[in-house]
Amino acid sequence: MNINIIKQLMFGCLCALLLAACSTTDIETLQSPDGALTLTTGIKGGKPYYTLARGTEVLINPSNLGFTLNDGPLNDNFKLKETHHSTFDETWAQPWGEEVEVRNHYNELTLNLEEQDGLKRRLSIVFRLFNDGLGFRYIFPEQENLKDFIIMNEETEYAFPQDSRAWSIPTNGTKYYEAIYTSSPLSQKDTISTPVTLEVNDSLYMVLHEANLTDYASLNLTQKKGGATATLRAALTPWSTGEKVFATAPFVTPWRTIIVAKKPGDLLLSRLMLNLNEPCKLEDTSWIEPGRYIGIWWGMHMETYTWAQGPKHGATTANTMRYIDFAAKHGFNGVLVEGWNFGWDGDWTQNGDNFNFTRPYPNYDLKKLADYARQKGVRLIAHNETGGAATNYEQQLDSAFSLYRSLGINSIKTGYVNPMLDHKELQHSQYGVRHYRKVIETAARYGIMVDNHEPAMPSGLQRTYPNLMTQEGLRGQEYNAWSPDGGNSPSHTCILPFTRGLAGPMDFTPGIFNFKNPVFPNTHPQTTLAKQLALSVVLFSPLQMAADMIENYENQPAFSFITSCPTIWAETVVPNAQIGDYVTIARKDRNSENWFIGSITNAEARTLSLPLTFLDKEASYKATIYEDGPGADYKTNPYPIKISEQEVTANSILTLQLASGGGTAIRIEKL
Ligand code: NOJ
């Protein structure tokens with residue numbers, strides 16, 4: 001591991017291995033380091049369970065744990081053999097992220113369980129309690145009577161003492177995790193995918209998700225029973241044959257995570273998911289280059305260009321050179337080109353086996369373009385659409401990545417436009433999870449960064465493989481090109497940071513400046529222009545796209561915000577937030593003393609007060625404010641934008657006037 005990038009600062013870890021054996025009691029408790037959260041766990045009637053409380057407030061009632069395996073239950077015949085308590089405290093540094101340092105501080109409790117009779121199989125459950133929530137996972141130790149096994153169901157439950165308002169996407173009928181997050185009482189939800197965000201009351205917000213999804217199926221949640229309260233249980237994504245997970249002991253599951261926060265904004269600052277992933281496995285991360293990119297992309301979605309060959313083919317040598325020139329002129333370090341390789345002609349979503357990831361179309365001079373880009377300080381981003389043909393892609397990974405490397409191409413955008421990989425397995429099944437991991441690991445070996453579209457839901461793997469830069473798995477900008485419902489509603493991006501955004505960086509691709517749609521005139525971004533700017537800050541992505549066709553940026557003063565805005569940050573604060581209504585995020589650049597702020601609202605125009613208390617108290621700054629201009633309104637008049645400058649200090653309080661569907665973007669430079 002490169003200690004310049006990932007320096008592990010140990011503050012005082014591994015303090016006490018307190019209790020070694022505790023076979024006389026069936027109840028154990030664990031507290032968070034600040035004492036605010038309490039976990040209780042134990043065995044009742046042979047069944048393992050847990051509860052969670054914040055002070056005297058019960059967050060989770062007794063909830064069952066365990067599995068149903070192919071040969072029956074592994075959850076109803078246990079005794080507690082021993083328990084271990086420990087505590088851990090370290091601070092680690094992220095090569096890129098929303099801040100540099102992350103504190104990983106938790107108290108841990110491990111239950112070692114053994115079946116009371118019969119096969120006497122063993123199972124361990126590890127709980128880590130942080131100040132901002134809980135993580136727990138199952139461990140299947142190596143043992144005589146449990147070698148190869150099949151998980152038919154994970155029996156993890158979440159029993160809530162009351163109902164709450166919950167934001168989620170449905171599992172059934174949702175392709176590619178690209179649904180709108182909707183809120184309704186948790187008790188009325190059908191099967192839903194995680195992350196699930198709960199507003200329990202004014203001072204209690206919780207998020208259910210998972211961390212370190214490795215060789216397992218993605219976590220969905222389903223109702224155990226309806227009524228005034230809600231009890232959810234795990235519903236893992238199955239293989240086509242119905243099994244959930246094929247495993248061999250020793251084996252560990254992903255972590256089940258529950259973030260607990262007092263304010264919505266605090267959810268955005270939790271790094272619990274990252275902390276529950278393994279430290280960086282890459283020895284050298286110096287080749288990883290976050291940055292801003294443009295692409296021959298929106299033109300396809302506007303049907304100005306085609307991916308396939310023909311008179312409107314977008315990926316021509318001349319067009320790509322135009323994009324490279326533009327990128328070089330405006331300081332973008334990447335140019336994505338879609339439709340450059342053989343495989344797009346015909347129905348590529350069904351015939352993914354035709355994709356060839358090393359063979360460019362004849363009118364795309366790959367070598368010349370890669371050289372041209374490099375001379376100009378720009379890199380091509382190779383698009384690898386697979387049409388869901390995962391095996392075809394796996395067979396070409398080595399040849400494709402070594403070619404890209406040899407040409408100086410250090411990032412790819414992968415795509416899986418077919419919800420069934422290899423026409424049979426779901427993207428979020430164990431099959432899919434294994435495939436995506438293989439791509440990430442192989443890319444890391446070749447020094448290639450990955451932007452994964454149509455992924456399994458992210459779970460923080462970028463800590464371990466920081467070449468996994470960003471992912472889709474959300475309803476992104478492309479829906480503003482062709483969605484029959486007219487595009488993403490104004491509230492969509494006010495919900496994403498509190499839901500999908502908590503699973504990791506989002507390649508939403510903000511930055512559309514021209515809202516005219518030649519094909520579907522009623523479909524376009526449901527935002528003002530100023531909100532498109534603000535999204536570059538609000539929606540974190542270390543590879544951040546400016547999504548429009550380059551001609552739409554010419555002579556646009558507002559473009560200067562995008563070209564000045566970094567993509568990775570030294571610090572993040574959330575001064576205003578209400579899920580689905582509005583959010584303001586302020587982020588400090590890693591390479592200067594400058595701050596960038598994005599504030600967005602839903603369809604409601606509103607005024608927000610923004611105290612700049614996060615600035616250095618000793619300094620003065622120049623603020624350049626890009627705000628909705630007179631008459632701006634996402635429905636009728638999205639373009640007016642007012643750009644102004646003023647001097648500010650940490651004592652300044654800005655008043656942000658956000659239009660309906662609008663936003664404000666601010667650059668604050670230290671004087
Ligand atoms: C869906 C991706 O999200 C989009 O970005 C891409 O242009 C198309 N697939 C084609 O690969």
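This report covers the cavities and the ligand site of a predicted model.

## Cavities overall

Rolling a probe the size of a water molecule over the atoms shows where empty space is left. In this predicted model, the count is 9 cavities of 30 Å³ or more.

## The largest cavity

The largest cavity holds about 320 Å³ of space. Its lining is made up of 26 residues. Closest to the centre are E98, R271, G501, L502 and G504.

Which elements each supply at least two residues of this lining? They are α2, spanning 272-275, and β33, spanning 582-589. The largest share comes from α2, with 3 residues.

By class, the lining of the largest cavity has 16 nonpolar residues, 6 polar and 4 charged. Two of the residues closest to the centre, E98 and R271, belong to the charged class. G501 and G504 are also among those closest to the centre, and glycine counts as polar here.

The largest share, 4 residues, is from α7. Sorted by class, the lining of the second largest cavity comes to 10 nonpolar, 3 polar and 1 charged.

## The ligand shell

How many residues surround the ligand? The shell has 14. E338, E385, K413, H453 and E472 are the closest. By class, the shell divides into 5 nonpolar, 3 polar and 6 charged residues. Glutamate and lysine count as charged, and the closest residues include E338, E385, K413 and E472.

## Polar contacts and cover

For E338, a polar side-chain atom lies 2.6 Å from an oxygen atom of the ligand. For K413, a polar side-chain atom likewise lies 2.6 Å from a ligand oxygen. In H301, an N or O atom of the side chain is 2.9 Å from an oxygen atom of the ligand.

On its own, the ligand has 290 Å² of accessible area. What percentage of that area does the protein cover? The cover is 95%.

Technical notes: Residues numbered from 1 in each chain as written. Predicted model: local features only at pLDDT ≥ 70, side-chain atom pairs only at ≥ 80, totals over all residues. Heavy atoms only, no water. 1 Å grid on protein atoms, 1.4 Å probe; cavity = no way out; pocket = protein on both sides within 12 Å on 5 of 7 lines; lining within 4 Å. Points joined across faces, edges and corners; volume = space filled by probe spheres on them. Near = heavy atom within 4 Å. Polar contact = N/O pair within 3.5 Å; in protein donor to acceptor, adjacent residues only side chain to side chain. Areas by Shrake-Rupley, 256 points an atom, 1.4 Å probe, with all protein chains shown as cover.
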